[in-house]
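I opened my notebook to look up a few things in a new structure. Here is what I had on screen.

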Amino acid sequence: METKRTNKALLVKGLKKMGLSLICMFLGPTLLYIGFSNPDKPLYIPILIIAFVVCGLAIFLAFKGLKTIMNSMFEKQ
């Protein structure tokens, strides 16, 4: 019976994605707050668009990172 080992390279890749997701999780709401607190500024709409994209990217990277980490632990090699 063969024991399963964690693919360390794939695990590091997943942890990097999770780190980027963490950065986006703080950056997105911060940009949203800045955007909503200055509705009379000329960059109101572009800041809100960027904030929503960063928030979506945070969710996407979190799912991709978790999937990569799970694949590193449970897939056959």
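The entries below go from the whole chain down to single residues.

**Entry 1: the overall form.** I kept in mind that this is a predicted model. I counted the elements and found two helices and zero strands in the protein. Next I looked up the radius of gyration, which is 18 Å, while the globule rule gives 11 Å for 77 residues; the protein is therefore more spread out than a compact globule. The box around the C-alpha atoms, taken along the principal axes, is roughly 65 × 10 × 10 Å.

Entry 2: How much of the protein counts as buried? I found 21% of the 77 residues. The accessible surface comes to about 6,000 Å², and carbon and sulfur atoms hold 73% of that.

**Entry 3: helix H1.** Helix H1 covers residues 8-37. I checked its length: 30 residues at 1.5 Å a residue should span 44 Å, and the end C-alpha atoms are 44 Å apart, so the two agree. Which residues of H1 are buried? My list reads Gly14, Ser21, Cys24, Gly28, Leu32 and Gly35. I reminded myself that an α-helix has 3.6 residues a turn, so residues three or four places apart point the same way. I then looked for what covers the buried residues of H1, and helix H2 (44-74) is part of the answer.

Entry 4: Is Ser21 buried or exposed? Its relative accessible area is 1%, and buried means under 20%, so Ser21 is buried. Leaving aside neighbours within four places in sequence, I found Ser21 in contact with Ala58, Leu61 and Ala62. Met25 also lies in H1, but Met25 counts as partly exposed because its relative accessibility is 43%. Together with Leu22 and Phe26, Met25 forms a nonpolar patch on the surface, with about 330 Å² of accessible area among the three residues.

**Entry 5: Cys55, looking back from H2.** I moved to Cys55, which lies in helix H2. Not counting residues up to four places away in sequence, Cys55 touches Gly28, Pro29 and Leu32. Gly28 and Leu32 were on my buried list for H1.

**Entry 6: contacts across the sequence.** Last, I took the contacts between residues at least 6 apart in sequence, and 74% of them join residues at least 24 apart.

Methods: Residues are numbered from 1 along each chain as its sequence is written. This is a predicted model: local features need pLDDT of at least 70, side-chain atom pairs count only at pLDDT 80 or more; totals for chains, interfaces and linings use all residues. Side-chain values use heavy atoms; hydrogens and water are left out. Helices (H or I, at least four residues) and strands (E, at least two) are DSSP runs, numbered from the N terminus. The radius of gyration is taken over C-alpha atoms; the globule rule is 2.2 Å times the number of residues to the power 0.38. Buried means under 20% relative accessible area, exposed over 50%, partly exposed in between (1.4 Å probe, protein chains only). Contact means heavy atoms within 4.5 Å. Accessible areas come from the Shrake-Rupley method with a 1.4 Å probe; for residues, only the protein chains shown count as cover. Patches are made of residues with over 30% relative accessible area and no salt bridge: like charges are joined within 9 Å, nonpolar side chains (Val, Leu, Ile, Met, Phe, Trp, Tyr) within 5 Å. A salt bridge is a side-chain nitrogen of Lys or Arg within 4 Å of a carboxyl oxygen of Asp or Glu. The expected span of a helix is 1.5 Å times one less than its number of residues.
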